[in-house]
Every structure is written in C-alpha cells, then in structure tokens.
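Let's take a walk through this one together, starting at the surface and ending inside.

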Amino acid sequence: MSWFEPKADKPKIPPAKSIWAICPKCMSHMSRQEWKDNNSICPKCNYHGRLSARERIAQTADAGTFEEVFREVSYSDHLEFHDATGDYKSKVEATIAKTGETESVVMGKCEINGHKAMLGVMDFAFMGGSLGTGTGERIARACEQAIAERRPLVIFSASGGARMHEGILSLMQMAKTSAAIGRLKEAGLPFISVLTDPTTGGVSASYAMLGDINVTEPKALIGFAGRRVIENTIKQKLPADFQSAEYLEKHGFIDKIVQRSEMKGFIAKMLGYWGF
C-alpha cells in the first residue's frame with residue numbers, strides 16, 4: 001500500500017541567495033552568473049559592484065606582470081583590543097583565513113598596457129578595507145620603492161575608514177600615507193587615485209583624495225562622515241545624490257568618472273601622458 005512506501009526525498013532547491021544577485025542601488029534581480037559575466041555591473045542601472053583585490057589586479061595589470069610586495073607587513077594589536085564580540089586578534093586572523101589576504105591593501109609592481117607602475121588595490125572584504133598600521137606601512141613602503149625604481153603609483157581605494165581597533169596609531173596612518181604621497185610628488189612621480197565603492201572616512205580624508213588625478217566608477221559612494229551623522233549635525237536634509245560619484249564630479253572633487261571596462265585603458269593613457 002502507498003503509505004508503506006518509503007518517503008521520497010525533497011528536491012534539493014538551492015537557496016535563493018545562491019541563485020540571484022541583487023543590485024544594491026536599484027534592487028534589480030539577476031542571476032549570479034549574469035552578474036559575474038558582467039564584471040559585477042548592474043545591467044539595469046550601471047551600478048559598479050565591489051570586487052576583491054585580486055579581481056581588480058586581474059583587470060588592471062597586464063597578464064603575468066604583477067609581482068606582489070610587502071605581503072609580510074600585516075596588522076598590529078598593540079592595544080590587545082577586545083569588545084563584547086571578541087578580541088581584535090581573533091577577528092583579523094579569521095579575516096586572513098577567509099580572504100587569503102594579510103592586510104586590507106595588496107601592493108605590487110606591474111605593467112598596465114606596457115606602462116610600468118606600482119599598483120595598490122584595497123579589498124573591502126578585509127575588515128571593511130580599513131586603514132590599519134599594516135595598510136599605512138605598505139603604502140608608505142610602496143611610495144619609497146616607486147621613487148627608487150621611478151614608477152608612478154596607482155591605488156584603488158575601497159574603505160570604511162580608519163581601523164579603530166588599533167587606536168591612535170591607525171589615525172596616524174592618515175598623516176603617514178599623505179606624507180609618503182608628498183615625497184612621491186616631490187620626486188616628480190605621478191599618483192593616480194581610483195576611488196571605488198565605498199571610499200569613506202580616514203581613507204577619503206587622506207591619500208585617496210591626493211591624486212594628481214582622482215577618478216572613480218559610476219555611482220560609487222565617496223565621502224567622510226555618514227549621511228545621518230551630517231544631517232543630525234547641521235540639522236538639514238542632504239540632496240538625494242549626496243556623496244555619489246556623480247555629485248562629487250559635478251562639484252569638482254572628482255576629475256572623471258570612468259566605466260570599469262575602460263579603466264585600464266584610461267590609466268594607461270594617463271601614464272603615457274606623463275611619459276612612463
């Protein structure tokens with residue numbers, strides 16, 4: 001009889017989140033494969049989604065030319081910081097295991113359409129792309145090596161700001177990196193700063209805005225303090241597009257908005273303009 005028959009297994013249906021990608025800007029749904037094939041760009045509103053540092057490097061550096069440097073430079077837990085959710089060391093070690101990176105910025109030497117450069121790419125997946133002592137040290141060393149080897153510097157920023165787990169030494173990286181960029185410029189070497197979504201806090205308030213040319217991708221969030229903080233401070237409603245790439249370009253904070261598919265060619269063109 002039918003009730004004695006073994007119960008059939010339920011069909012294995014993958015979770016919806018594994019099937020669909022949702023654009024953070026327009027909330028459009030698309031298959032994850034479509035999102036990936038389109039380089040994490042929304043086909044509806046042209047929002048440029050976040051990429052890992054390695055994905056950026058693959059899109060920017062000529063194949064086989066990227067040589068990573070300073071990988072051994074990592075975080076510092078001088079405060080032995082901990083809060084209600086755990087200690088900083090455990091959190092960052094878990095992030096290292098998950099991402100495979102040892103800091104929030106990956107630095108290396110490469111060629112971009114045949115033009116030599118020192119390339120740095122921040123990864124938001126690493127502690128929110130926060131600016132820690134290791135991040136600042138890598139950028140400072142990159143500037144020194146760029147000067148020694150006469151290489152222009154290109155940095156893709158993606159950050160929520162300073163890494164407060166490291167206290168005042170994290171905030172000091174703002175001055176440290178800015179001074180390093182200053183020495184680079186004194187040596188006659190250009191710095192191209194690419195601000196991606198999001199670039200905020202101490203990173204936007206330091207080296208990210210110090211490029212000889214500052215460019216960004218469409219619809220990227222760029223700013224210092226958050227919208228609610230500003231509105232509650234000045235007691236005014238901010239424009240709907242406030243802190244967007246388009247708003248900043250309109251008001252002169254950004255030199256140019258560049259499509260992701262055109263970014264490598266644009267950077268190479270600028271490097272050629274400077275004679276590298």
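A word on patches before we start: the residues that make them have over 30% relative accessible area and no salt bridge, and nonpolar side chains are joined when they lie within 5 Å. Keep in mind that what you see is a predicted model.

First, get your bearings. The chain has 276 residues, and 47% of them count as buried. It holds 10 helices and 11 strands, and its C-alpha trace spans about 90 × 50 × 45 Å along the principal axes.

Now for the surface. Find Met164, Ile168, Leu169, Leu171 and Met172, which together make a nonpolar patch of about 460 Å². Met172 sits in helix H6, which runs over residues 168–186.

Next, the inside. Rolling a probe the size of a water molecule over the atoms shows where empty space is left. Here, one cavity of 30 Å³ or more turns up, and the largest cavity has a volume of about 50 Å³. Its lining is made of Arg50, Leu51, Arg56, Val121, Met122, Phe124, Ala158, Thr196 and Asp197. Which elements give two or more residues to that lining? They are strand E7 (115–122) and strand E9 (191–199).

Key. Residues numbered from 1 in each chain as written. Predicted model: local features only at pLDDT ≥ 70, side-chain atom pairs only at ≥ 80, totals over all residues. Heavy atoms only, no water. Patch = residues over 30% accessible without salt bridge, like charges linked within 9 Å, V, L, I, M, F, W, Y side chains within 5 Å. Areas by Shrake-Rupley, 256 points an atom, 1.4 Å probe, with all protein chains shown as cover. Salt bridge = Lys/Arg side-chain N within 4 Å of Asp/Glu carboxyl O. Helix = DSSP H or I, 4+ residues; strand = E, 2+ residues; numbered from the N terminus. 1 Å grid on protein atoms, 1.4 Å probe; cavity = no way out; pocket = protein on both sides within 12 Å on 5 of 7 lines; lining within 4 Å. Points joined across faces, edges and corners; volume = space filled by probe spheres on them. Buried < 20%, exposed > 50% of the residue type's maximum accessible area, 1.4 Å probe, protein only.
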